[in-house]
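The exercises that follow are meant to be worked with the coordinates open, each task being followed by a solution that goes step by step.

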Amino acid sequence: MCCSGFLKIMMFIFNGGIFVAGASILGVGIWVKVDSGSLLGLLDKVEGTPSGLSQLVNVSYLLIGVGCVLLVIGFLGCCGAVRESRCMLLTFFSIVLIIFLVEVVGAVVLLVFQGVADQLLESLEDEVRRSIQTDYGKDEGLTSLWNATMTQFQCCGYKNYTDFDGSPFNVRGVYPETCCNSTITVDVCSQNKAEQSMIDGCFNKLLQLIEENALIIAGVALGIAALEIAAMVVSMVLYKKIGSKA
């Protein structure tokens, strides 16, 4: 009886942890989707974009789905322990095992993407520059998307302000306002002011976003994996205990 009560307490602890971890990974997935949406949206308009770039968005959807399911199974595990329902405990074990396997696959995809992200984004430089120099200032949709992205991430162009050289917007030697530091820009953003400002390109911002989110996701995934393994072990022990009592 004492052992059974201890197992119930452990199930509460593990499933409470899984519930919190599910909320965390759901938040991270939404964060990745929202923050990467505008930057990757720009690359969708560029011809020859590698298909590997879509993996970041796919990982964000995977994280959102896993987070939602973790919230459900955290609640399911607690109910199974309280009601001593073998059916609920077995269902809990099966779902956690499936989620664990999905997380392993998602972690592999994310790690592979992180390793090649620099190369993939670097290979796009010529295509993105060509897109900017052809359509920025002429294509309203692309111009608005670039402006919104550069404002949000405080970046200029793909690599730097020179990406706008020769574009329809640059016919008078003017650059977007985000390419100049507000402390040294009084009127328009000219070439000299843009050069002095040295604003980072959106390439660096996107790469930084990927690296930072990958570290956060890896930390959350390790914690969830440990909780899931422990919860599966405890649920099976409790399942056998309930079966022996019956």
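A residue is called buried when its relative accessible area is under 20%, exposed when over 50%, and partly exposed in between, with a 1.4 Å probe and protein chains only. The model is a predicted one, in which local features need pLDDT of at least 70 and side-chain atom pairs count only at pLDDT 80 or more, whereas totals for chains, interfaces and linings use all residues. Residues are numbered from 1 along each chain as its sequence is written, and side-chain values use heavy atoms, with hydrogens and water left out.

**Exercise 1. The chain as a whole**

Task: Describe the secondary structure of the protein chain, and state what percentage of its residues is buried.

Solution. Begin with the DSSP runs, where helices are H or I runs of at least four residues and strands are E runs of at least two, numbered from the N terminus. Under that rule the protein chain has 7 helices and 0 strands, and its pattern along the sequence reads α-α-α-α-α-α-α. Next, apply the burial classes, which place 42% of the 246 residues in the buried group. The accessible surface, computed by the Shrake-Rupley method with a 1.4 Å probe, is about 12400 Å², and carbon and sulfur atoms supply 63% of that area. Finally, take contacts as heavy atoms within 4.5 Å: of the contacts with a separation of 6 or more, 75% are between residues 24 or more positions apart.

**Exercise 2. The disulfides**

Task: Find how many disulfides the rule gives, and work out the pairing of the bonded cysteines in sequence order.

Solution. The criterion is a pair of cysteine sulfur atoms within 2.5 Å, and the count by this rule is 3.

- Step one: cysteine 155 is joined to cysteine 202 with an S to S distance of 2.0 Å, and the link is right-handed, with 75 degrees about the S-S bond. Because cysteine 155 lies in the loop between α5 and α6 (191–197) and cysteine 202 in helix α7 (residues 202–245), this pair ties together parts that are 47 residues apart in sequence. Cysteine 155 counts as buried because its relative accessibility is 0%, and cysteine 202 is likewise buried, at 4%.
- Step two: the sulfur atoms of cysteine 156 and cysteine 179 are 1.9 Å apart and form a disulfide. Cysteine 156 and cysteine 179 are each in the loop between α5 and α6, 23 residues apart. The torsion about their S-S bond is about 85 degrees, so this disulfide is right-handed, and both cysteine 156 and cysteine 179 are buried.
- Step three: cysteine 180 and cysteine 189 are joined with an S to S distance of 1.8 Å, and a torsion of about 80 degrees means that this disulfide is right-handed. Cysteine 180 and cysteine 189 are both buried.
- Step four: with the bonded cysteines numbered in sequence order, the pairing is 1-6, 2-3, 4-5.

**Exercise 3. The salt bridge**

Task: Locate the salt bridge found in a search of the whole structure, and decide whether arginine 129 is buried, partly exposed or exposed.

Solution. Side chains of opposite charge can pair when their charged atoms come close. The test applied is a side-chain nitrogen of Lys or Arg within 4 Å of a carboxyl oxygen of Asp or Glu, and the search finds 1 salt bridge. The partners are aspartate 163 and arginine 129, with an N to O distance of 2.5 Å. Since aspartate 163 lies in the loop between α5 and α6 and arginine 129 in helix α4 (residues 125–135), the pair ties together parts that are 34 residues apart in sequence. Aspartate 163 is buried, at 0% relative accessibility, whereas arginine 129 is partly exposed, with a relative accessible area of 23%.

**Exercise 4. Threonine 143**

Task: Determine which residues threonine 143 contacts, leaving aside its neighbours within four places in sequence.

Solution. First place threonine 143, which belongs to helix α5 (residues 140–153) and is buried, with a relative accessible area of 13%. A polar atom of its side chain lies 2.7 Å from the backbone oxygen of aspartate 139. With the neighbours within four places set aside, threonine 143 is in contact with Asp135, Tyr136, Gly137 and Lys138.

Note on methods. A polar contact is a pair of N or O atoms within 3.5 Å; within protein, one must be able to donate a hydrogen and the other to accept it, and residues adjacent in sequence count only if both atoms are side-chain atoms.
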